[in-house]
Amino acid sequence: MTIADQTARKPRRLHLGLFHQPIGRHPAAWRQDTAQGHPEDIDWAIRIARKAEEGLFDMFFVADNLAGPEPGAQGKAGGLEPLTLLSALAVATSKIGLVGTISTSFAEPYNVARQLASLDHISHGRAGWNVVTTQSDRAAENFNLAALPDHAARYERAREFVQVVRGLWDSWANDALVMNRQSGAFLDTQRVRLLEHKGEHFSVRGPLNISRPPQGHPVIVQAGSSRDGIALAAAEADLAFTAQDTIADSHVYRDALSEAARAAGRKAPRLPILPGIMPIVGRTDAEAREKFAAMQEHTDIAAGIRQLSGRWGYDLSVHPLDGPVPEPGERIHGESRVRLLLNKARAENYTLRELAALAIASHGHRIIIGSPQTIADDLQFWFEQGAADGFNLIPASMPDGIDDFVDRVIPILQERGLFRRHYEETSLRERFGLGIPRLAAFAN
């Protein structure tokens, strides 16, 4: 029986990722009396990863930022480089998937292929790659560029980048590393091949300098909802992270993704989608609302305006805070997130101040506030309506953001048959019903 057959016979269950926020996503969370954590403390990261593994999460997800803080600007900063962090977590955990963000805008495919292959070997088949293109001109200035290439060009490079990485992973047969003491054969060179890729953006000879990853290909994730992002996910990704505020919007996104996957020739056009959520869990709905209100009291509206300005492409501080949200500029950053925020502002008649407060709290992801029952009801409704195959959990504060979810919400989801009671699969690919990619035949 194939993995696909086994998956088809299993009851459909939620997937959950933990979006690592060592001190919480909400900008005021770290100032609370109950707050714990440090963005560069590996022992803290291990504690969080192990709690997520206790909660049977599919994966531990790490984002990245290639620009440092602006001098004089307040706000959270710091953080460990994703693959360095995940390599440490690989030996501190045993089941949870480990997904790191790497931008295709400033990296090289050969390095990325060997880094992810190494992580997959270290973790025994639990590695994943969140493929992104960088959105910030400030980041471009750190890599010898005055500004980023245009949106479409960045995604064209990204698609070729992923194809080269896949080709390098496939430059070794699974059995190429022989290490036969009796014959003295260390490597079967007939089971290793050159890549000889020559494309518009990259020229890579190959082969890779490490054997094929245990998963064949680490799981590839894509986290963009723009037209170009959807096209990249449809052609290359195994699953999609997204930011959707309504069930209707999520269905539109899923339909667009499936249509693009069919156009790209995918045999299974229905990719799993995991919208980001920020749950605020209280023992009661009232307590949860009080918890969120306490964080919002310390919201830095100026920081929210700076964040929106970065997305809108110009300085929004010239507009009245209690006036309507202005239209974006010509050079926006993060097309899908700008569209989500602007649509919400128009639909709910937000002022610029109100949108800044929302944006700085969750960076545009959906906030769910309530008791464990309320949170579970919400997730179940989205899941059963086909709006999500699971969720990427973004804790607002720590450690309660993960502890309360694991201790109070997960048991309800398990009681309802919506979530696993133990890990069954060993690799991240298996957890999502993905087989090991087939290799083209090697020449004899």
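Helix axes here are lines fitted to C-alpha atoms over the stretch in contact, and angles run from 0 to 180 degrees between N-to-C directions. Helices (H or I, at least four residues) and strands (E, at least two) are DSSP runs numbered from the N terminus. The model is predicted: local features need pLDDT of at least 70, side-chain atom pairs count only at pLDDT 80 or more, and totals for chains, interfaces and linings use all residues. Residues are numbered from 1 along each chain as its sequence is written, and side-chain values use heavy atoms, with hydrogens and water left out.

**Helix pair H13 and H14**

Helix H13 (residues 372-384) packs against helix H14 (residues 400-415) at an angle of about 50 degrees, and their axes lie 9 Å apart. H13 and H14 are therefore oblique to each other; angles under 35 degrees count as roughly parallel, over 145 as roughly antiparallel, 65 to 115 as roughly perpendicular and the rest as oblique. Their crossing is right-handed, a term used if the near helix is turned clockwise from the far one by less than a right angle. From H13, Pro 372, Gln 373, Ile 375, Ala 376 and Leu 379 make the contact (heavy atoms within 4.5 Å). From H14, the contact residues are Phe 405, Arg 408, Val 409, Ile 412 and Leu 413. By class, the contact of H13 with H14 has eight nonpolar residues, one polar and one charged. Ala, Val, Leu, Ile, Met, Phe, Trp, Tyr, Cys and Pro count as nonpolar, Asp, Glu, Lys and Arg as charged, and the others, Gly among them, as polar.

**Arg 366**

Arg 366 is in strand S10 (residues 366-370). Arg 366 counts as buried because its relative accessibility is 8% (buried is under 20% relative accessible area, exposed over 50%, partly exposed in between, with a 1.4 Å probe and protein chains only). Leaving aside neighbours within four places in sequence, Arg 366 is in contact with residues including Asp 245, Met 278, Trp 382 and Phe 391.

**Backbone features**

Most residues other than glycine have a negative phi, and most peptide bonds are trans. The table lists exceptions.

| Site | Feature | Value |
|---|---|---|
| Gly 206 to Pro 207 | cis peptide bond | omega near -5 degrees |
| Met 398 and Pro 399 | cis peptide bond | omega about 10 degrees |
| Met 179 | positive phi | near 55 degrees |
| Asn 349 | positive phi | near 55 degrees |

Pro 399 lies in the loop between strand S11 (390-393) and H14. Asn 349 is in the loop between helix H11 (335-347) and helix H12 (352-362), and counts as exposed at 65% relative accessibility.
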